[in-house]
Amino acid sequence: MDMGFVLTQAISQAIGVTAIIYLLATMGLNIQFGYAGLLNFGQIAFVAIGSYAIGVFIIQWQGSVFVPNLWVAILYAILLSVLLALILGVPTLRLRADYLAIVTIAAGEIIRLIFKSTDSLGGAQGINGKMGEEFYAINPFPEQDRFDFGPLSYTRNDAWVVTVGWIVIALLLLLTWALMRSPWGRVLKGIREDEDAVRSLGKSTYFFKMQALILGGIFGTLGGIFWAIAKQSVQPDSFVPAFTFFCYTILILGGAARVMGPVIGAIIFWFLLVFVEQFLLLLISNGTITFLEPTQVGPIRFILVGLGLMLLIIFRPQGILGDKKEIALDAK
Amino acid sequence: MPNSAATHAVSELATVTAEPGVPKPDPLLVADKVNRHFGGLVAVDVDHVEIQRGSITALIGPNGAGKTTFFNVLSGFDKADAGSWTFAGNTVTNTPPHRLARKGMVRTFQLTKSLSRLTVLDNMLLGAGGQTGEGMLASLFPFTWRSQETKNTERAMVLLERFSLASKSKDFAGSLSGGQRKLLEMARALMLQPELIMLDEPMAGVNPALKQSLLDHIRDIREQGTTVLFVEHDMDMVRDVSDWVIVMAQGQIIAEGRPEIVMQDQRVIDAYLGAHHDQELTASGGSLTEEVTS
């Protein structure tokens, strides 16, 4: 274990599967919160729907005529995500923004607890098994054990997962960019600034907010689908509210309402988290730090990252890509 | 050069009797038995009122008279408990604001709602109606909306020029001064090419130098054929610019008429000025009314 190992670990996590999952969910939040100002505190619900749709349809319903293959299961997952957005949005989007926050955070927990307590949906054990065989079957990488990209090394499956993940992200970034430069995106930003003003200008803000909630939810669901396929396992207790808060952290770190904000945020967030962890382990292993046990490193890295984020909010509230002038306007 | 329709509408008003609920020769907005109460408090109880097309009509009254509530109800931002109203002959009772705006009835707000983190030009473009690019799918294909966007931008720049904001078009609206925001909000409402523009206290918080230019803009709006209805505290403005004045007190319309007549009406003086009615109305405008009605 040396400094090179620490850096390699940090870099590989910063662009790895977990970062991709968080990034997809955060890109959805960027549309909802960053552009439209919707306080969705239950993005994890959309992620859970994606993961569980794959788990349940592929493993629990194995051989069912309704789910001939993975691709159909993905389609179902997206439809369920739209349904969830409608269920959350219809009663709350007419109300003040705070209500959506309360309803979504509760919905996330309700969904997790339903999955956890229903045996046909995996129960407390979750769902484990081969999910996404069709996906791995089309892996174009040649048959060999490991693939090395510079210092990074991936298994054949991981290399394929990460490649597809970043391609999907690139396409969704392009979609976000195209939407947000258009008059549709302009209405969304207007709603974020002052909904009543936009209503007085002849736009049905309810309709636009619903579209934003659905689109951002689908992004989150894609993250969930990806999660199930990459990890081959769906555990109810992975889908805790903290996930959404990390997404907000990533979004604010990178810069909200910036197309590339979540990307920068996710990469830096995961880099720092893993770097701090590995670095502390390194210091413990060579005896530099004697007052910590390796098991204490996990919580401590979150303390340090939390501290860093507090400093960021105080000294650079606009995030890395944001414009300080824009933030200052809010104070007026 | 005054628009002939506007002058016609105004000259028609000259012959209308000054009494509450009087019918107008060419009404654009007609409200009947509008009632809005909060618990036991009756905020609005308007029996009948008509707004003349092509005129500038002022809605005045002491604080708590129900002007803003009436305004909110008519513009769809609040729901009436009873009553009905029509706009250009169509019933628009409790129609949501975005539908009203599409029908040609647009309002501004007392606390200016400029969209801070959008540029001045984007604020204006948001006002344009019937945009193809506001459809989520169409927005992905710029060729479906680019030409419309160009036309809207041209129209927005003409309006910004008129309101002396053209040089600010690329700045964030949040960087404008209070008065400039008022102008922007007015210009943005005009992007909808409304038949009726409803201004909620357009003079609130505007410095005296800008007031004159705001008055000119409001007259200008009438000359271009748009009917103006505004709520205001500033008596100078009411006298200077309005063709017709409607006075509310305790939720009811207690008087209406041409400004010079209404301001001499004893009921108005009593309701508005109370014990201080012997003081000159022009003496200190807004501050006097505030002092008296607080």
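**A hairpin, a helix pair and a sheet**

Mentor: In chain A, strand β2 (residues 146-149) is joined to β3(A) by 4 bridges, and the two run antiparallel. Strands here are DSSP runs of E with at least two residues, helices are runs of H or I with at least four residues, and both are numbered from the N terminus. Two strands pair if DSSP finds at least two bridges between them. This is a predicted model, in which local features need pLDDT of at least 70, side-chain atom pairs count only at pLDDT 80 or more, and totals for chains, interfaces and linings use all residues. Residues are numbered from 1 along each chain as its sequence is written, chains are lettered from A and ligands numbered from 1 in the order in which they are written, and side-chain values use heavy atoms, with hydrogens and water left out.

Trainee: Which residue stands opposite A:Arg146 in β3(A)?

Mentor: That residue is A:Thr155. The hairpin formed by β2(A) and β3(A) has 2 residues between the strands, and A:Gly150 in the turn has a positive phi of about 60 degrees.

Trainee: Now helix α2(A): how far apart are its end C-alpha atoms?

Mentor: They are 26 Å apart, which agrees with the 27 Å that the 19 residues of this helix (residues 17-35) should span at 1.5 Å a residue. The expected span is 1.5 Å times one less than the number of residues. Of those 19 residues, 18 are buried.

Trainee: Where does α2(A) bend?

Mentor: The bend is at A:Leu29 and amounts to about 35 degrees. It is the angle between axes fitted to the seven residues ending there and the seven starting there.

Trainee: At what angle do α2(A) and α7(A) pack?

Mentor: The angle is about 10 degrees, with the axes 10 Å apart. Axes are lines fitted to C-alpha atoms, for helices over the stretch in contact, and angles run from 0 to 180 degrees between N-to-C directions. The two helices are therefore roughly parallel to each other; angles under 35 degrees count as such, over 145 as roughly antiparallel, 65 to 115 as roughly perpendicular and the rest as oblique.

Trainee: What does A:Ser51 contact?

Mentor: Leaving aside neighbours within four places in sequence, its contacts include A:Gly224, A:Trp227 and A:Phe239. Contact means heavy atoms within 4.5 Å. A:Ser51 is in helix α3 (residues 43-60) of chain A and counts as buried, at 0% relative accessibility.

Trainee: Moving to chain B, in what order do the strands of the open sheet lie?

Mentor: The 6 strands have the order β6-β7-β8-β3-β9-β10, with mixed pairing. The edge strands, β6 (105-107) and β10 (252-257) of chain B, each pair on one side only.

Trainee: Is B:Glu201 buried or exposed?

Mentor: B:Glu201 counts as buried, at 8% relative accessibility. Although not a glycine, B:Glu201 has a positive phi of about 50 degrees. Most residues other than glycine have a negative phi.

Notes:
Buried < 20%, exposed > 50% of the residue type's maximum accessible area, 1.4 Å probe, protein only.
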